[in-house]
Amino acid sequence: MIGPDELALPDQVLYGPALEVVARELARREGAWASLVRHEPGQRIYHELLDRPHVSAWLICWMRDHDTGFHDHDISAGAVAVVAGRVREERLVLGGSPRGRTFGAGNSFHFSASDIHRVRHAGGGPAVTIHVYSPPLRRMGAYAVDADGTLVRHVQGAAEELRPLATV
């Protein structure tokens, strides 16, 4: 974990672009996380890098077919910095197909707590991302669609690996 003296952070909840700044700063501090990078085909590897009163951060390692499924971040806004490879973010849109964007190394993006999105590996070699949340991520909502088409939210702890949920 990154110690309190290693990264100066405001003593407040952060949103949007301010979270992207923190994610990009952590991405630049490769010495703090490079030894944690490991890739496994069957699951994403993730490590908590930072747990402060107003911000938490995670390193996530991705390979082909890794996919979070659609989820939200409960009360936490977030940002992602891509440090290697490529990931695709898709946001759920009512009445239409999900809206997607692909991000490569050096790119970043942010989302609000109310956004329902998924992140997945976008092909090519393994990917590595830094995720920053404010307030700290403690739980998420993972989504599935039941037999009659109703969207169903399942509460999940922050330390559990998100995966696409099967139809209920």
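Is Arg 163 buried, partly exposed or exposed? Arg 163 counts as partly exposed, because its relative accessibility is 41%; the classes here are buried for under 20% relative accessible area, exposed for over 50%, and partly exposed in between, with a 1.4 Å probe and protein chains only. Before going on, keep in mind that this is a predicted model, where local features need pLDDT of at least 70, side-chain atom pairs count only at pLDDT 80 or more, and totals for chains, interfaces and linings use all residues. Residues are numbered from 1 along each chain as its sequence is written, and side-chain values use heavy atoms, with hydrogens and water left out.

Let's stay with Arg 163 for a moment. Its side chain meets that of Glu 161 in a salt bridge, at 3.2 Å from N to O. By salt bridge we mean a side-chain nitrogen of Lys or Arg within 4 Å of a carboxyl oxygen of Asp or Glu. Glu 161 itself is buried, with a relative accessible area of 18%. Elsewhere, salt bridges that share partners tie Asp 67, Arg 88, Glu 90, Arg 118 and Arg 120 into one network. Searching the whole structure turns up 17 salt bridges.

Glu 161 also forms a salt bridge with Arg 44, where the closest N and O atoms are 3.5 Å apart. That pair links distant parts of the chain: Glu 161 is in the segment after β11 (151-157), while Arg 44 sits in the loop between α1 (16-28) and β1 (45-51), 117 residues apart. Helices (H or I, at least four residues) and strands (E, at least two) are DSSP runs, numbered from the N terminus. Both Glu 161 and Arg 44 are buried.

Now for Arg 139 and Asp 74, whose side chains meet in a salt bridge at 2.7 Å, N to O. Here too the pair links distant parts of the chain, with Arg 139 in strand β10 (residues 139-145) and Asp 74 in the loop between β3 (71-72) and β4 (77-84), 65 residues apart. Arg 139 counts as partly exposed because its relative accessibility is 40%, and Asp 74 is partly exposed at 23%.

With 66% relative accessibility, Asp 65 counts as exposed. Then there is the peptide bond from Ser 134 to Pro 135, which is cis, with omega near -10 degrees; Pro 135 is found in the loop between β9 and β10. For context, most residues other than glycine have a negative phi, and most peptide bonds are trans.

Next up is α1. This helix has 13 residues and reaches 19 Å from its first C-alpha to its last, close to the 18 Å expected at 1.5 Å a residue, where the expected span is 1.5 Å times one less than the number of residues. Its buried residues are Gly 16, Leu 19, Glu 20, Val 22, Ala 23, Leu 26 and Ala 27. Seen down the axis of α1, they fall within an arc of 160 degrees, so they line one face of the helix; the arc is that of the directions from the helix axis to the C-beta atoms. On the other side of α1, Pro 17 and Arg 28 are exposed.

What do the buried residues of α1 pack against? They pack against β1, β2 (56-62), β4, β7 (108-111) and β9 (127-134). Take Ala 27, which is buried with a relative accessible area of 16%. Leaving aside neighbours within four places in sequence, Ala 27 is in contact (heavy atoms within 4.5 Å) with Trp 33, Ala 81, Val 83 and Ile 130.

The structure holds 1 cavity of 30 Å³ or more, and about 220 Å³ of space lies in the largest cavity. A cavity is a set of points on a 1 Å grid over the protein atoms alone where a 1.4 Å probe fits but cannot get out, and lining residues have an atom within 4 Å of a point. Grid points are joined across faces, edges and corners, and a volume is the space filled by probe spheres set on the points. Of the 20 residues that line the largest cavity, the closest to its centre are Arg 44, Ile 60, Tyr 133, Met 140 and Leu 162. β2 gives the most to this lining, with 3 residues.

Notes
On a 1 Å grid over the protein atoms alone, a cavity is a set of points where a 1.4 Å probe fits but cannot get out, and a pocket is an open set with protein on both sides within 12 Å along at least five of seven lines; lining residues have an atom within 4 Å of a point.
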